[in-house]
Amino acid sequence: MPTVSEVIPAALRPDVDAALAWFNRDQAIPFEVTGILDPDDALEDDSPRELRLVLCGGDRCEQRSFRVSDMGSGREIGFVEDAAAVDGSDSARSTENLQAELDPPPGPRRGWLDRTLERHDFTVVLFYRGFW
């Protein structure tokens, strides 16, 4: 069972910020990092480093895995699934086949819930098999 932490260790913050900026460049709604899976494992990696992040934006939360390589003058970032597919390894999974492995950690909906409660008399929040 993965360990989920809402606190990003300081040593991982530059790589997490770079991965988030890379991910957000193709998103209509900006996402924020609300958690990291197994941060101790990520701290053990040097370059390339694998980051498994919980990202929330709008009405959606996703768990995405990034490979971040320090190139000296910058960082090279990609999805772990993409890198595995290029290698031809068996661990390659298409995004269509990904199953939710965990619920988002507590707190990722705090802003959404506050805004929604102001506009409505009541709100129904539905969780189904790890999806929001």
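The model is a predicted one, in which local features need pLDDT of at least 70 and side-chain atom pairs count only at pLDDT 80 or more, while totals for chains, interfaces and linings use all residues. Residues are numbered from 1 along each chain as its sequence is written, and side-chain values use heavy atoms, leaving out hydrogens and water.

The side chain of R64 meets that of E62 in a salt bridge, 2.8 Å from N to O (a side-chain nitrogen of Lys or Arg within 4 Å of a carboxyl oxygen of Asp or Glu). Salt bridges with shared partners also join D15, R49 and R75 into one network. E62 forms a salt bridge with R60 as well, where the closest N and O atoms are 2.5 Å apart. E62 counts as buried because its relative accessibility is 17%, whereas R60, at 38%, is partly exposed.

The structure holds seven salt bridges. One of them joins the side chains of R52 and D38, at 3.1 Å from N to O. This pair links distant parts of the chain, 14 residues apart: R52 lies in strand β3, and D38 in the loop between β2 and α2 (39-44). Helices (H or I, at least four residues) and strands (E, at least two) are DSSP runs, numbered from the N terminus. R52 is partly exposed, with a relative accessible area of 21%, while D38 is buried at 17%.

## The sheet

Five strands form an open sheet in the order β1-β2-β3-β4-β5, with antiparallel pairing (two strands pair if DSSP finds at least two bridges between them). β1 (4-5) and β5 stand at the edges with a single partner strand each, so one side of each has no neighbour in the sheet.

Strands β3 and β4 run antiparallel and are joined by nine bridges. Within this part of the sheet, E50 has R67 in β4 as its bridge partner.

## Helix α1 and F23

Helix α1 covers residues 13-24, twelve in number, and should span 16 Å at 1.5 Å a residue; its end C-alpha atoms are 16 Å apart, which agrees. The expected span is 1.5 Å times one less than the number of residues. The buried residues of α1 are D15, V16, A18, A19, L20, W22, F23 and N24. Their cover includes β2 (32-37), β3 (49-57), β4 (60-70) and β5 (75-79).

F23, found in helix α1, is buried with a relative accessible area of 3%. Leaving aside residues up to four places away in sequence, F23 touches F31, L55, E62, R64, F66 and F79 (contact means heavy atoms within 4.5 Å). F23 and F79 are 56 residues apart along the chain, and their C-alpha atoms are separated by 9.2 Å.

## A nonpolar surface patch

L113, L117 and V125 form a nonpolar patch on the surface, with about 220 Å² of accessible area together. Patches are made of residues with over 30% relative accessible area and no salt bridge, like charges being joined within 9 Å and nonpolar side chains (Val, Leu, Ile, Met, Phe, Trp, Tyr) within 5 Å. Accessible areas come from the Shrake-Rupley method with a 1.4 Å probe; for residues, only the protein chains shown count as cover. L117 lies in helix α4 (residues 110-119) and, at 45% relative accessibility, counts as partly exposed.

Notes:
Buried < 20%, exposed > 50% of the residue type's maximum accessible area, 1.4 Å probe, protein only.
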